[in-house]
Amino acid sequence: MTHYAFKHLGLFDAHVPRYTSYPPANHFDTLAPSQSESWLKTVPRSGHIAIYVHIPYCRRLCWFCADHTHGLMTDRPLRRYLDHILAELALIAGHLPPDVRVASVHLGGGTPTILSAEMLSELGQALRDFRPFTRTARISVEIDPAALDDARLDALAQIGMNRAAIGVQGFDPRVQTVTGRVQPFAVTRKAVAGLRARGVGCVTMDVLYGLPYQTPDSMAQTIEKVMDIRPDRLALFGHGHAPLRSRRQVMIEDAALPNPQARLALFEAARRQLLDGGYHPVGIDHFCLPGDSLAFAAEIGSLRRNFQGYTEENADALIGIGASSISRFAQGYAQNVAAISDYGAHVAAGRLPTARGHRFTSDDLLRGAMIEELLCNFSVDIATHARRFDRPIEAVEAIVLPLLSTFHAHLVKDGSRIELIGPARHLARMAAQTMDAYVAPEGRHSRAI
């Protein structure tokens, strides 16, 4: 597929959702805490839940980042915030069926390792006390190697961490300097060694392309160093530059950013390098070593997509804890209030901090499942979705008509199954948008490449 074809289809100009949820979070509306209470009570008895805990603080604010985080010069706010986390856990416990079990925990941010070793241990014990964990529970933590020491590593090992995600972004010193994230290779390698020594069997690294002053050579050197560390998984994300939405990104000069064609070249070069290095592609932007459970899920068709990206788990509910975190129930999404002070005020008053969300319609569930299948498998099986959602096959065919019309030259159709082929898989998010019933201004989303 030529650059001309990509340009003709609009890849280089398009801004589309990442589709870690459907509908995307910018379509959420006001939702009352009582709705969250009701949804918590309907989680299946003896069901499995996933827990996400958001720590919205960083020791340093990386200029490329658009996450909901705050810089800290002292640790004083951390104790108060942790107390609010524990209070929210207690509130949720009062509404959740007592025999629910925890299948996974993810500590994200921000920087979870900004918490002291003692605070991490306290949080881990509170989570263990919240509900019983399954025997195979996945406990994952986002790690900043610059905010890590032996005491924190020991505390995380004690609470059962068996997975870790490390933000690398890029190892080029110039790129690190202009993005406000100086993280030498030696510091990252030491962090991974510490994780491995404590039995962490799955390490993921996030690498960004499209950063200022990034070149094919600097990208190749970053990937070479990453493969030297040999993480089990690697996520290759495009930098989403939106300075109007994330003020810290004004520190990055627009002129220093590679254009869309250069972004595609960076991604493609990194992809080839990873494949040559023995990694298997998973979904639109993940790569795994052979034998990894995520690669196996992709192989057997059980890969899923949620707010953390690709996953092999399929919990009955995802419960978000902390300011701005999002829960997913069978009935819809519920998002906590974003402002940390407001979040604290809600839980201190004994109220769930729900502020926004979305109640699923039957159409949401159908389209969301089709979009998820496309982003996980690059295919959509019309007949399967018609049966699953008890819809006339003609109704499901109508949803994929825009996809067939726009990308007909880059699809194969086998019975009721439609599949994106070859380089056209770069267009997966654009293809998914053809099945999206919601409309948002272009500038609200990241680039399609």
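How are helix 12 and helix 14 oriented to each other? In this predicted model, local features require pLDDT of at least 70 and side-chain atom pairs pLDDT 80 or more, whereas totals for chains, interfaces and linings use all residues. Residues are numbered from 1 along each chain as its sequence is written, and side-chain values use heavy atoms, without hydrogens and water.

The axes of helix 12 (residues 362-377) and helix 14 (residues 393-407) come within 12 Å and cross at roughly 55 degrees; axes are lines fitted to C-alpha atoms over the stretch in contact, with angles from 0 to 180 degrees between N-to-C directions. The two helices are therefore oblique to each other, a class left for angles that are not under 35 degrees (roughly parallel), over 145 (roughly antiparallel) or 65 to 115 (roughly perpendicular). Contact (heavy atoms within 4.5 Å) is made by Asp363, Leu366, Arg367 and Met370 of helix 12 and by Val396, Ile399 and Val400 of helix 14.

A search of the whole structure identifies 3 cavities of 30 Å³ or more. A cavity is a set of points on a 1 Å grid over the protein atoms alone where a 1.4 Å probe fits but cannot get out, and lining residues have an atom within 4 Å of a point. The largest cavity has a volume of about 100 Å³, volume being the space filled by probe spheres set on the points. Among its 13 lining residues, Ser36, Ile92, Ser327, Asn336 and Thr354 are the closest to its centre. The second largest cavity, with a volume of about 50 Å³, is lined by Val105, Leu107, Gly124, Leu127, Phe133, Ile139 and Ile159.

Note on methods. 1 Å grid on protein atoms, 1.4 Å probe; cavity = no way out; pocket = protein on both sides within 12 Å on 5 of 7 lines; lining within 4 Å. Helix = DSSP H or I, 4+ residues; strand = E, 2+ residues; numbered from the N terminus.
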